[in-house]
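Subject: Structure handover

Hello,

Here is the structure I said I would pass on. Please have a look at it first; my notes follow below.

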Amino acid sequence: MVGEVPFTDIHMDERTIGSVEDVLRSGRYVKGPVVEEFEESFADKCGTTYAVGVNSGTSAILLGLQAVGVSKGDDVFVPAHTYFASVSPVLSLGANPVFVDVDPQTYTMDMDKLAERIVDSENPEAVIPVHLYGQMAEMEQVTELAEAHDLDIVADACQSHFAKRDGDYAGSIADVGAFSFYPSKNMTVAGDGGMLVTDNENIAEQARALRNHGRDEDGVHRHLGLNYRMSEMLGAVGREQLKYIQEWNEGRRRAASIYDKKLASIDAVMPPVEKDDNKHVYHLYVIQAPDRDGLREYLDQNGVGTGIHYPTPAHEHPAVIDRCGETTRKSAERITDRIVSLPMHPRISEEEIDKVCTLIKEYYEA
Ligand SMILES: Cc1ncc(COP(=O)(O)O)c(C=O)c1O
């Protein structure tokens, strides 16, 4: 008999727990060899030349934008449907987020809309494609547009560790890729942490300086940076987690395919769409459903945890409206009322998924 089905299951995999002991004994807690090893392995696995560990995914985006040269008054294209951390670094640099509507099936930036926004922009500088929920945006089109209009690409891969498109890993097809290791992500450092990846030596050097008060290797502060460093303890956890991330991603994909099969017979709901040539890593399993709040309540009453990612479109937050005024992005606004994230983690069982899907069927068809 299946009991409660939690929305997620965040606990440290036993195999990664011993990893911090040596660091604790070493007396070296920041700027040490463990984060360096984590960076090297991450870059290697991701297929990039450099990786720079930082204290959050938000910092990775911020330092990426700074390193490619985004500054006050620049236009930066961001999806209208994303976590607010894709937008706040743009605002904090004094640049203007230009909101691009999303594809209502895949939730990533709509490429036709991106092309239109770029043409309308007076000061286009950079684009932040977000690989949302675990699936990559259409990077070949982003790259084409970026080349045509001289834009830098800072890819927000915070939800898409080792997702793939056409054989390339998330974060690798961009000037900068940014990852988060927040505890609920596909891999974590058991705290806040992030990684910036790039093939560009100058960007890597700048990011390394910016995370450490703008101090370069000669000890000179050429840039204005703050403290965005990753601690050695967290680096040790990340280095271990990297060994198992592919296995955990496969667990998520297995769970998604069970959901897909069971939900296929329920006409009311729309399961996630995995685009051709994409390998989705299902950070979240998001469906669209009518009377979404009623469904959530029914699932909750029956012991099933759900979430909404995200309840407010990015362009409708007061922090944006105060700076940029009001805008409308129709698809992002429409899906906000319909999306619900179902329980998802690598260890969820077929029986648990069956319980969730049976309840959804009961709700719409009983
Ligand atoms: C899409 C997206 N962008 C950026 C971030 C920011 O990452 P962090 O919370 O590590 O700063 C997150 C995670 O929370 C995210 O999901």
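**Helix pairs**

Helices H6 and H7 cross in a right-handed manner (a crossing is right-handed if the near helix is turned clockwise from the far one by less than a right angle, and left-handed if anticlockwise). Before going on, note that this is a predicted model, in which local features need pLDDT of at least 70 and side-chain atom pairs count only at pLDDT 80 or more, while totals for chains, interfaces and linings use all residues. Residues are numbered from 1 along each chain as its sequence is written, and side-chain values use heavy atoms, with hydrogens and water left out.

H6 covers residues 111-120 and H7 residues 139-149; they pack at an angle of about 10°, and their axes are 10 Å apart. Helices (H or I, at least four residues) and strands (E, at least two) are DSSP runs, numbered from the N terminus. Axes are lines fitted to C-alpha atoms, for helices over the stretch in contact, and angles run from 0 to 180 degrees between N-to-C directions. H6 is therefore roughly parallel to H7 (angles under 35 degrees count as roughly parallel, over 145 as roughly antiparallel, 65 to 115 as roughly perpendicular and the rest as oblique). On the H6 side the contact (heavy atoms within 4.5 Å) uses Met111, Leu114, Ala115 and Ile118, and on the H7 side Gln141, Val142, Leu145 and His149. By class, the contact of H6 with H7 has six nonpolar, two polar and no charged residues. Here Ala, Val, Leu, Ile, Met, Phe, Trp, Tyr, Cys and Pro count as nonpolar, Asp, Glu, Lys and Arg as charged, and the others, Gly among them, as polar.

The angle between H4 and H8 is about 125°, with 9 Å between their axes, so this pair is oblique. The crossing of H4 and H8 is right-handed. Leu63, Gln66, Ala67 and Val68 of H4 are in contact with Ile203, Gln206, Ala207 and Leu210 of H8.

From H11, the residues in contact are Gly294, Leu295, Tyr298 and Leu299; from H14 they are Val356, Leu359, Ile360, Glu362, Tyr363 and Tyr364. The contact of H11 with H14 divides into eight nonpolar, one polar and one charged residues.

**The nonpolar core**

In soluble globular proteins, nonpolar side chains tend to be buried together. Which residues touch the most other members of the largest nonpolar core? Among its 44 residues, they are Leu65, Val70, Val76 and Ile128. Such a core is a set of buried Ala, Val, Leu, Ile, Met, Phe, Trp, Tyr and Cys residues joined through side-chain atoms within 4.5 Å. Elements that each supply at least two residues of this core include strand S1 (50-54), helix H4 (57-68), strand S2 (75-79) and helix H8 (201-210). H4 gives the largest share, seven residues.

**Single residues**

Gln66, in helix H4, is partly exposed because its relative accessibility is 24% (buried means under 20% relative accessible area, exposed over 50%, partly exposed in between, with a 1.4 Å probe and protein chains only). Leaving aside residues up to four places away in sequence, Gln66 touches Leu93, Gln206, Leu210 and Leu224.

Val281 sits in the loop between strand S10 (278-279) and strand S11 (285-288), and is buried at 0% relative accessibility. Ala163 is 118 residues from Val281 along the chain, yet their C-alpha atoms are separated by 5.4 Å.

Two residues other than glycine have a positive phi. Tyr133, in the loop between strand S4 (124-127) and H7, has phi near 65°; it is buried, with a relative accessible area of 3%. Asp277, in the loop between helix H10 (245-263) and S10, has phi of about 70° and is exposed at 52% relative accessibility.

Finally, the peptide bond from His309 to Tyr310 is cis, with omega near 20°. Tyr310 lies in the loop between H11 and helix H12 (318-324).

Regards
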